[in-house]
Amino acid sequence: KETEEVFKVKKSSYSKKIVKQLKKEYKEDLEKSKVRTEVNSPTDVEPPLEKTGQIKDIGQEDGTANSEHGEEEMEVESEKEEEKPKAGGAFSSALSSLNVLRPGEIPDAAFIHAARKKRQMARELGDFTPVDSEPGKGRLVREDENDASDDEDDDEKRRIVFTVKEKSQRQKIAEEIGIEGSDDEALVAGEQDEELSRWEQEQIRKGINIPQACIYQPAEVNNLYYQNTYQTLSYGSSYGIPYTYAAYGSSETKSQKTDNTVPFKTPSNEMAPVTIDLVKKQLKDRLDSMKELHKANRQQYAKHQQSREDSTKAIERLEGSSGGIGEQYKFLQEMRGYVQDLLECFSEKVPLINELESAMHQLYKQRASRLVQRRQDDIKDESSEFSSHSNKALMAPNLESFGRDRVIYQEQVKRRTAEREARRARRRQAREQTGKMADHLEGLSSDDEETSTDVTNFNMERDRILKESSKVFEDVLESFYSIDCIKSQFEAWRSKYFASYKDAYIGLCLPKLFNPLIRLQLLIWTPLEGKCRDFETMLWFESLLFYGCEEQEQVKDDADISLLPTIVERVVLPKLTVISENIWDPFSTTQTSRMVAIVQKLVDGYPSVVNAENKNTQMLLKALLLRMRRTLDDDVFMPLYPKNILENKNSGPYLFFQRQFWSSVKLLGNFLQWYGILSNKTLQELSIDGLLNRYILMAFQNSEYGEDSIKKAQSVIACFPKQWFANLKGDKTISQLENFCRYLVHLADTIYRNSIGCSDVEKRNAREHIKQIIKLLASIRALDHAVTVANDHNVKELKILIEGK
């Protein structure tokens, strides 16, 4: 009875001793197989133990490969080979459908159970076990026919199936040169290969039904196998069967047939026979598909060619239209970094410049305020001194009107009086040396002299501010504070890439960019002083004068053309505004003339200043008007004395009265110097309504009627702009001068009445004075009043007087 058993053993449990024992048993099986081969016919040859290479050395070579599975299954079987070809052929299909193990695969329990069932069915049909010849199977089943008789050594004679191991390079070389020496393993492997090759050759002969002429000769076949294994044609080209074996042996061996050959059964899944028409059809289909593929490839190639041409043209077009975009990008990146550094530098330095500028303005403001306060104190002191003579009873014995200690106040008054008289004496002496004493009138001079202490302190503070200003950019490179260096950077941008320069609105940004540097140069610039330089001669003005004026054609609406006017508007005008509000003294004819000159220059030379909507211009004009109104309200004073006091022309009250009158006339002239800059309505309101009608006419009424009054009236009329009366229509002058015209008419009548009963000389003088009054009225276009005076006093030369005005 056949015994079957499957057991599993770990690889690590196999030792070399067991392996040697297995090899020994295998050699004994080979000897038994040789005996059976000699006794039986070639058809009874049993397949040896499955072996296409060396037996695996379990625990050495495959220890790593099968370590993932952890265990290796070995199947030990012992079966007899059945020799019933018909039954075997019928059952082969069923066996092959179940036997699906791949080379080296370990069977599971289900597969072993199915194999047992197959063998049981084979025994019932005829006790025949077919040989598995499916392609791709690397396992051969060996059946042992001595398993029934060997009862004691049943376990030792069981067949162990190992996984197929391919030949190593050493084994292949050994096959080519032959196995020699005393190596037992190599010798055993050679014998096993020889037996396996012999068995496979016999089975192939059976399957393909090759006639054999003689009995099998092992030695001869062995020689032929090793000589012609890879020289013959493959089985596919020779037989057209789905086997992976090649045709073994030479042509002589194939021609030999025996009577007991096994007929070949065509497998059920065999391919259709190959015919010429089928080959032609396949070749034609293949050719058609290749033609279609070639056509598609040609279309794709043409498309790629067209795309390449378009890309080449686009590259050429873009390279041609780039115009140095890379260089422009590099230049703009450099400019961007430069501008950022410049702005960071200015963000730190501008507060310092603002502080220095404020300090300088405060220094000049303090000096101007000190002079104005001194003049106001002098007027108060003189007014109080000359008023106390007539109002002594009203004054308290020890206190002055404001409740202060009269002794201390008197000491201060004496000190100021001494200083005032000393200044007047020095000015009088200076006029005598220059020969201007005869033409001078008291009150026309500007009392702006300073003490040596004030001058020294002023100069020290001024030098300190200048020294601090020189240190503002001492830690900065020249390219970040020099106007020429900064200008050259933007000029290069303008000349190279004007489009991007314009798009960045650099022309609008430059005035603000240059603002701190120009203000630093204008730190000590004060146009009220005689030694002050004209700003048009400064370095910043000369450096920026021709900016943006290249020889190329000027672009419309180019902002660089108005660079200097914009700088003057944003830098010079604000500085003039501060000077006008805090430093300018309207009583000083010199300062007023210089102030009017600089403003008139800006009006004539810079069109942005003329624009009435200009914010900086409006602020400047507003500052001028506020300063003039403040002077009119705070500094003008006209004393009133009885005529008996004014009769003494050497008395203090008379001199004080004359000084205040002429200072008012001087202020009137200073106000009217702004004609052409300020509006006529504003000037007439300030000069005529605010000064002439309010103060000067009061002085005229208290003055002596005579030649002195006519001289004063001439001085007043000389201050009026002639343009006021050039375009007047009719016989009347401007409405604000009506009071002044009535005074002149009254003056003519008074002179005429005073001349009645006098000598002819006095009458002639009085008549001449009346004619002068008619001329004065005609000069201010008061023709109606001139005709009235001429008719009242029988002056027949009216037409001549009017035309000779």
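Predicted model: local features only at pLDDT ≥ 70, side-chain atom pairs only at ≥ 80, totals over all residues.

Reader: What does Trp674 touch, neighbours up to four places away in sequence left out?

Author: Contact means heavy atoms within 4.5 Å. On that basis Trp674 touches Trp584, Thr592, Met595, Val596, Val599, Leu624, Met628 and Leu683. One of these, Val596, is 78 residues from Trp674 along the chain, with 6.5 Å between the two C-alpha atoms.

Reader: Which residues touch the most other members of the largest nonpolar core?

Author: They are Phe490, Phe535, Trp540, Trp674, Phe720 and Phe740, out of 125 residues in that core. Helix 10 (residues 325-387) gives the core its largest share, 13 residues.

Reader: How do you know whether the length of helix 22 agrees with its number of residues?

Author: The expected span is 1.5 Å times one less than the number of residues. Helix 22 (residues 652-672) has 21 residues and should therefore span 30 Å; its end C-alpha atoms are 30 Å apart, so the two agree.

Reader: What makes helix 22 largely enclosed by the rest of the structure?

Author: Of its 21 residues, 19 are buried, and therefore helix 22 is described as largely enclosed.

Reader: Why is Val274 called exposed?

Author: The label exposed requires over 50% relative accessible area. Val274 is at 66%, so Val274 counts as exposed. This residue sits in the loop between helix 8 (251-255) and helix 9 (276-322). Together with Leu278, Val279 and Leu283, Val274 forms a nonpolar surface patch with about 350 Å² of accessible area.

Reader: What sets the phi of Tyr505 and that of Arg781 apart for comment?

Author: Tyr505 is not a glycine, yet its phi is positive, about 55°. Arg781 is not a glycine either, and its phi is positive at about 70°. Tyr505 is in the loop between helix 14 (498-503) and helix 15 (506-521), while Arg781 is in the loop between helix 27 (760-779) and helix 28 (783-792).

Reader: Why is Tyr505 called exposed, and Arg781 partly exposed?

Author: Exposed is over 50%, buried is under 20%, and partly exposed lies in between. Tyr505 has a relative accessible area of 53%, so Tyr505 is exposed. Arg781 is at 23% and therefore counts as partly exposed.

Terms used. Residues numbered from 1 in each chain as written. Heavy atoms only, no water. Patch = residues over 30% accessible without salt bridge, like charges linked within 9 Å, V, L, I, M, F, W, Y side chains within 5 Å. Areas by Shrake-Rupley, 256 points an atom, 1.4 Å probe, with all protein chains shown as cover. Salt bridge = Lys/Arg side-chain N within 4 Å of Asp/Glu carboxyl O. Helix = DSSP H or I, 4+ residues; strand = E, 2+ residues; numbered from the N terminus. Buried < 20%, exposed > 50% of the residue type's maximum accessible area, 1.4 Å probe, protein only. Core = buried A, V, L, I, M, F, W, Y, C linked by side-chain atoms within 4.5 Å.
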